[in-house]
Amino acid sequence: MTTPPQPPPDPYGQSQPYGQQPPAAPAFFPQQQPAPYGYPQQQPQGGPGPWGQPGVPPFPQPPRKSRTGLIVGVVAGALVLVAGLGFGAYQLIDAGADAVFPEATHRLVVEKAVLDGEFTLNVDLSDTEGKKIEDTPDPSVRGGKAVVAQYRSEDDDMLVLSGMYGRLSSPGLMRGKIMEGAAAADGAEVVVSPREFEPEGYGITVECQVVRSHEAGLTTSMPMCAWGDGNTAAVVALLRQADLSRDAASLDLEKVAEETAKVRSEIREPLS
């Protein structure tokens with residue numbers, strides 16, 4: 001009787017019973033050894049694995065896009081849009097009737113820090129975004145100058161200021177128009193309607209709302225407040241990291257109104 005032929009030895013020298021398949025070849029990439037206890041497991045570098053298996057990307061994912069431009073655009077744009085929104089009411093003002101414009105006694109300045117030093121100046125945009133405001137004709141303002149600035153805290157919270165100073169004939173009307181201007185910005189909508197507050201000890205009415213803005217895949221709910229007096233008008237948006245995940249209706253507008261009044265007291269100064 002003839003002895004059947006023997007199968008060839010496997011790659012490791014072991015003989016296989018006749019009719020059985022040899023073991024799979026070694027993996028294309030070397031197997032990862034377990035890391036010593038207490039050390040993180042290292043991941044292999046490189047592109048996709050063999051035969052279409054997913055691999056680890058060789059470069060870190062890009063950081064998320066900043067919200068800074070989104071917020072500055074809405075806040076600064078609120079004042080740019082004021083003239084067009086309110087022109088129907090302002091055209092009743094006689095351009096030659098100087099008596100309707102109060103005397104210039106105060107101005108706004110871009111301080112190095114606001115809210116008792118919690119926020120420090122990150123960038124002064126008065127020469128860029130501010131010029132857009134100054135170049136927009138507004139018959140309710142004489143001698144208008146604009147200030148626009150962005151501030152940051154140590155916790156990476158953000159405060160954006162956009163204001164104007166000069167001789168304002170209708171400061172209360174302007175305050176409301178600033179709120180409308182923010183809502184009219186591209187991609188913005190009011191999700192909490194404007195409310196008026198009178199923060200104790202400041203002698204000023206502050207109007208606040210929450211605006212949700214969508215741009216470049218980012219959605220941001222911004223509490224913002226505005227004031228207007230005979231010489232100054234401004235809007236302040238205050239975005240805290242702790243508020244990003246909160247529902248817009250739960251944001252504390254009364255607190256933001258008090259903080260806005262505090263900012264006003266810090267950046268509004270006498271001319272003499």
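How many of the 11 residues of strand E8 (residues 218–228) are buried? In this predicted model, 9 of the 11 residues of E8 are buried, so that the strand counts as mostly covered.

Strand E8 is joined by 5 bridges to strand E9 (residues 232–239), and these two strands run antiparallel. Together E8 and E9 form a hairpin, in which 3 residues lie between them.

Why can strand E5 (residues 158–168) be described as largely enclosed by the rest of the structure? The description holds because 10 of the 11 residues of E5 are buried, where buried stands for under 20% relative accessible area.

Strand E4 (residues 141–152) runs antiparallel to E5, and 10 bridges join the two. Among the residues of this pairing, Arg142 has Arg167 in E5 as its bridge partner. The hairpin of E4 and E5 has 5 residues between its strands, and within this hairpin Asp156 takes a positive phi near 65°.

## Where E5 meets E9

Strand E9, which is joined to E8 by 5 bridges, is also joined to E5, in this case by 8 bridges, and E5 and E9 run antiparallel. Which residue of E9 is the bridge partner of Met164? The partner of Met164 in E9 is Ala233.

Technical notes:
Residues numbered from 1 in each chain as written. Predicted model: local features only at pLDDT ≥ 70, side-chain atom pairs only at ≥ 80, totals over all residues. Heavy atoms only, no water. Buried < 20%, exposed > 50% of the residue type's maximum accessible area, 1.4 Å probe, protein only. Helix = DSSP H or I, 4+ residues; strand = E, 2+ residues; numbered from the N terminus. Pairing = 2+ DSSP bridges.
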